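Thanks, everyone. I'll walk through one model this morning. Have a look at it first, then we'll go piece by piece.

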2 protein chains.
Amino acid sequence: MDAQTTVQQLGEFGLVAEVTALAGGGGKVLIGPGDDAAHVAVRTGGYLVSTDLLIEDRHFRRDWSSAYEVGRKAAACNLSDIAAMGGVADALTVGLGVPGDLPAQWALDLARGVVDECKSVGAHLVGGDVTASEAIVVAVTAIGEATRPVRRDGARPGDVVAFAGNLGLAGAGFAALSRGFRSPRAAVESHRVPAPPYAAGPQAALAGATAMVDVSDGLLADLGHVATASEVAIDLDPALLPVAEPVATVAEALGLEPLTLVLTGGDDYALVATFPEGAELPSGWTRIGAVAEGAGVTVAGEPWEGSPGHRHFA
Amino acid sequence: MDAQTTVQQLGEFGLVAEVTALAGGGGKVLIGPGDDAAHVAVRTGGYLVSTDLLIEDRHFRRDWSSAYEVGRKAAACNLSDIAAMGGVADALTVGLGVPGDLPAQWALDLARGVVDECKSVGAHLVGGDVTASEAIVVAVTAIGEATRPVRRDGARPGDVVAFAGNLGLAGAGFAALSRGFRSPRAAVESHRVPAPPYAAGPQAALAGATAMVDVSDGLLADLGHVATASEVAIDLDPALLPVAEPVATVAEALGLEPLTLVLTGGDDYALVATFPEGAELPSGWTRIGAVAEGAGVTVAGEPWEGSPGHRHFA
């Protein structure tokens with residue numbers, strides 16, 4: 001296979017064989033890719049499972065991100081869901097739809113990105129499917145385990161709200177790319193390959209987190225799910241919300257309110273959780289607000305007048 | 001919501017809420033849809049997982065199949081993979097990409113089809129993702145358990161080859177639909193909604209099956225995977241291969257060799273397995289051939305001169 005070989009020339013089985021060779025195995029993988037199903041060991045009596053679907057020109061653009069970066073991000077957004085339950089992912093499957101005239105190397109680079117992101121948490125690519133599709137489609141399912149799964153409906157009045165990871169950085173990158181800029185680099189790279197704080201999820205569970213989600217649609221939107229599911233009000237303290245330097249730079253260049261990027265920017269896959277009052281926050285977690293009786297999410301006691309996060313059918 | 005409501009009008013969260021209401025729960029489902037990940041109990045120390053990606057106009061056509069039928073089939077082809085490992089599926093996730101102007105009822109009918117097919121094996125829809133896509137995309141992941149997973153690489157010379165389910169029926173339906181016919185009904189309905197012999201998988205495992213796969217691409221093609229993985233030769237006895245009456249009807253009407261449909265027709269999701277010589281075949285299993293030293297799949301000792309199964313990038 002050379003750099004010009006297309007997916008159609010390599011064929012479905014050829015492509016699957018190349019990807020399978022990348023996948024490796026070991027750990028809890030008892031049967032890896034290549035059979036009707038993979039077989040993975042479980043130690044806690046149950047598994048966590050989450051699925052995401054990424055579509056070309058909706059979730060990624062080939063002119064903004066390399067195939068490797070698309071693979072990293074596709075894996076990251078699912079591995080992050082397992083972390084957001086307080087768990088660690090063990091296994092990942094990928095359903096890949098690609099045009100027949102796509103260079104096979106593009107598909108392999110995507111698979112390499114998936115495998116590398118998996119390695120960062122000790123997970124394995126255990127199976128998948130490849131088929132022809134006009135737009136590139138990447139369907140990822142992550143499976144893992146948690147000693148104590150943390151749901152989104154357990155926040156109680158009096159709890160502390162805290163986060164780990166980046167807020168607004170990927171959103172700033174997206175805003176910059178949308179307007180034709182390729183910098184600041186840290187922001188643009190965060191949009192291309194987010195850096196979820198995977199270890200912070202199990203650490204929060206161990207520290208007694210009462211509710212947790214990852215921030216995929218924006219801090220306000222995702223905390224809104226916690227508030228609704230838990231039937232509580234959440235208030236954020238703007239003085240406690242960090243504005244990273246690249247976020248401030250993008251906000252200034254584009255005439256945006258920096259806090260808008262922090263509060264509504266998606267795709268950073270930060271973790272946000274609630275902890276009992278007085279609980280010692282694990283390293284990497286920062287207090288940003290509090291839970292009270294009531295409903296909805298406010299900033300300094302007021303509704304935030306801004307975009308309410310990403311809408312898929314807007 | 002009325003019949004004219006589009007996916008875009010209902011919105012991503014509205015659609016997810018409607019689908020979640022269909023999903024139900026119970027059984028081994030500890031946390032169902034609606035959180036970052038679902039949580040499902042495991043009793044055997046491990047899980048089986050399989051993924052398939054179905055794309056509109058490649059794997060289904062809206063003018064040939066109803067949304068409900070597409071949902072049934074999308075679930076069936078994954079649940080069948082778990083059966084082909086000798087297992088029973090417990091949980092299923094669906095990633096659904098749909099155009100914003102699609103009637104929301106279409107998406108809900110698909111979800112209803114998925115849920116109904118899951119019920120036939122006692123599995124639950126535990127999670128998913130909905131996003132905008134030009135072509136309809138259905139990504140399904142099934143997870144289950146097996147007491148003794150049966151791989152495809154365990155066939156040994158001297159083993160008996162047997163199958164359970166339908167052979168050629170869905171292929172005959174596809175051939176009929178492709179030429180503008182809507183009958184024979186049994187064949188066309190098998191193409192729209194296959195009837196995998198789910199229970200035959202665990203029964204074969206219990207009876208000592210040495211290798212097993214489901215027939216998605218065609219009997220010869222899928223047995224070819226067993227022969228290659230097991231490093232054996234497989235010979236089928238044409239006198240033992242049943243030609244169902246609708247298969248014979250379609251073959252005659254279209255001037256095809258009936259055995260070609262039986263040997264190369266895909267999408268029936270029959271199970272084919274190898275058993276030790278002298279093993280008692282479970283009810284529903286029919287002997288069709290034998291395993292020998294060597295390589296490849298033959299019919300009455302000769303290579304079959306026909307189409308080698310479905311190619312995704314052909």
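Start with helix 3 of chain B, residues 67–83. This is a predicted model, so keep that in mind throughout. The helix has 17 residues and reaches 24 Å from its first C-alpha to its last. Helix 3 of chain B is mostly covered, with 16 of its 17 residues buried.

Next, helix 5 of chain B, residues 169–178. It too is mostly covered: eight of its 10 residues are buried. They run Leu169(B), Ala170(B), Gly171(B), Ala172(B), Gly173(B), Phe174(B), Ala175(B) and Ala176(B). What do they pack against? Three helices of chain B: helix 6 (185–192), helix 9 (245–254) and helix 10 (258–264). Just after helix 5, Gly180(B) takes a positive phi of about 90°.

Now the strands. Take strand 6 of chain B, residues 137–145. Nine of its nine residues are buried, so the strand is largely enclosed by the rest of the structure. Look at both faces. Val137(B), Ala139(B), Thr141(B), Ile143(B) and Glu145(B) point one way. Val138(B), Val140(B), Ala142(B) and Gly144(B) point the other way. All are buried, Glu145(B) included.

Which strands pair with strand 6 of chain B? Strand 3 of chain B, residues 46–55, is joined to it by eight bridges, running antiparallel. There, Leu48(B) has Gly144(B) as its bridge partner. Strand 4 of chain B, residues 88–98, is joined to strand 6 by nine bridges, also antiparallel. In that pairing, Val94(B) partners Val140(B).

On to the two chains together.

Finally, the contact itself. Chain A gives 55 residues and chain B gives 55 residues. On the chain A side, strand 3 (residues 46–55) gives the most, with nine residues. By class, that side has 26 nonpolar, 17 polar and 12 charged residues. Four bridges join strand 3 of chain A to strand 2 of chain B, residues 38–41, and the two run antiparallel. Within strand 2 of chain B, Ala41(B) stands opposite Gly46(A).

Definitions and conventions: Residues numbered from 1 in each chain as written. Chains lettered and ligands numbered in written order. Predicted model: local features only at pLDDT ≥ 70, side-chain atom pairs only at ≥ 80, totals over all residues. Expected span 1.5 Å × (residues − 1). Buried ≥ 20, exposed ≤ 12 C-beta atoms within 10 Å, placed from the backbone. Contact = placed C-beta atoms within 7 Å. Nonpolar A, V, L, I, M, F, W, Y, C, P; charged D, E, K, R; others polar. Pairing = 2+ DSSP bridges.
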